[in-house]
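Visitor: I would like to go through this model and ask what lies behind each label.
Guide: Then let us look at it together.

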Amino acid sequence: MSTPSAAPGTPTPAAAAPAPAGATHPAGTPGRRGALGPVGLVLAGGLSVQFGAALAVTLMPRAGALGIVTLRLAVAAVMLLLVCRPRLRGHSRADWGTVITFGVAMAGMNGLFYQALDRIPIGAAVTLEVLGPLALSVATSRRAVNLVWAALALGGVFLLGGGGFDGLDPAGAAFALAAGGMWAAYIVFSARTGRRFPQADGLALAMGVGAVLFLPLGIAESGTKLVDPVTLGLGAAVALLSSVLPYTLELLALRRLPAATFAVLMSLEPAIAALAGFLVLHQSLTTAQCAAIALVVAASMGAVRTQVGRRKRA
């Protein structure tokens, strides 16, 4: 798991989006259905990426963490480039700078996160990683109530981690936190890329950048294991679930959602990861983890309702 910039104080993707066909609201002020549409895209993307990550954990013994990231980025880049066929001419230096930075953020986010998955459970890794988007939400928020939702989600995040992370591998925790920082950068540059490139062209180009950056690392760690037919097939499934589907859905959503709202919605990721861990990796949920899920769901619903109410009054 999107046009000029998403920096605090500047127009958001939603402000530039046209009203949907048949809408009676002025452009840039969609009603409840228009606001909830991109929310559904974000949630679908979250389900896809976390179940893809759980599948990747089962694949790591075959190709290693760096090898899986390489397969994920490379296969996703090929898929997107073939489907989108983005133009390489006619773009400014600023356009290329934005899409290259987006690709670097994407590669860094994936590489760091998979290093975390190789050391700590998926639920804990996503719990720590989501702190990056939450920090972005607080930094870009212009309403005090959004700080309340972010704080509620943050409380759920720590509760999901059992109230502390002393028992986790320190390197794994550090990798997850660093991945969260790159996730925040991904959100910002995904929005900027979506405004500079049509459709998903910018995403395809950024994915290509990330794949090229990671290819030497994957070859160094996994070598010929990357071309094993079974590993390649499973890697393609991971790429589809964890990159192609969620990033496309999120990019489309960021055309209509402010970065702050999108970031708070990302607080649902630990809950989705816990569900994926339970169903795919047979990791059980405790009572405290269920309570944490309730907190992050409440925070996300509150953030969405606040955004919808603000648009209706505009």
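**Labels and their grounds**

Guide: Leu177 lies in helix α7, where helices (H or I, at least four residues) and strands (E, at least two) are DSSP runs, numbered from the N terminus. This is a predicted model, in which local features need pLDDT of at least 70 and side-chain atom pairs count only at pLDDT 80 or more, while totals for chains, interfaces and linings use all residues. Residues are numbered from 1 along each chain as its sequence is written, and side-chain values use heavy atoms, with hydrogens and water left out.

Visitor: Why is Leu177 called partly exposed?
Guide: Buried means under 20% relative accessible area, exposed over 50%, and partly exposed in between (1.4 Å probe, protein chains only). Leu177 has a relative accessible area of 45%, so the label is partly exposed.

Visitor: How many helices and strands does the protein chain have?
Guide: The chain has 12 helices and 0 strands. Of its 314 residues, 53% count as buried. The chain exposes about 13000 Å², and carbon and sulfur atoms supply 68% of that area; accessible areas come from the Shrake-Rupley method with a 1.4 Å probe, and for residues only the protein chains shown count as cover.

Visitor: Why is the contact of Arg62 and Asp228 called a salt bridge?
Guide: A salt bridge is a side-chain nitrogen of Lys or Arg within 4 Å of a carboxyl oxygen of Asp or Glu. The side chains of Arg62 and Asp228 meet at 3.0 Å, N to O, so the pair meets the definition. Arg62 lies in helix α2 and Asp228 in the loop between α8 (201-222) and α9 (229-254), so the pair ties together parts that are 166 residues apart in sequence. Both partners are partly exposed: Arg62 has a relative accessible area of 35%, and Asp228 has 28%.

Visitor: Which residue forms a salt bridge with Asp95?
Guide: Arg196 does, with the closest N and O atoms 2.8 Å apart. Because Arg196 lies in helix α7 (residues 170-196) and Asp95 in helix α3 (residues 93-117), the pair ties together parts that are 101 residues apart in sequence. Arg196 is partly exposed at 37% relative accessibility, whereas Asp95 is buried at 11%. The count comes to 2 salt bridges.

Visitor: Is Arg72 buried or exposed, and how do you know?
Guide: Arg72 has 3% relative accessibility, so it counts as buried. Arg72 lies in helix α2 (residues 32-84). Arg72 and Leu234 are 162 residues apart in sequence, and their C-alpha atoms are 9.5 Å apart in space.

Visitor: What makes Arg85 count as exposed?
Guide: Arg85 reaches 65% relative accessibility, which means it counts as exposed. Arg85 is in the loop between α2 and α3. Arg85 also has a positive phi of about 45°, although it is not a glycine.

Visitor: Which residues form the nonpolar patch on the surface?
Guide: The patch is formed by Leu47, Leu275, Phe278, Leu279 and Val280, with about 400 Å² of accessible area together. Patches are made of residues with over 30% relative accessible area and no salt bridge; like charges are joined within 9 Å, nonpolar side chains (Val, Leu, Ile, Met, Phe, Trp, Tyr) within 5 Å. Val280 has 32% relative accessibility and counts as partly exposed, so its area passes the patch cut-off of over 30%. The largest share of the patch, 4 residues, comes from helix α11 (residues 269-280).

Visitor: Why is Leu295 called partly exposed?
Guide: Leu295 has a relative accessible area of 27%, so the label is partly exposed. Leu295 lies in helix α12 (residues 287-313). Leu295 and Gly156 are 139 residues apart in sequence and 5.1 Å apart in space, C-alpha to C-alpha.
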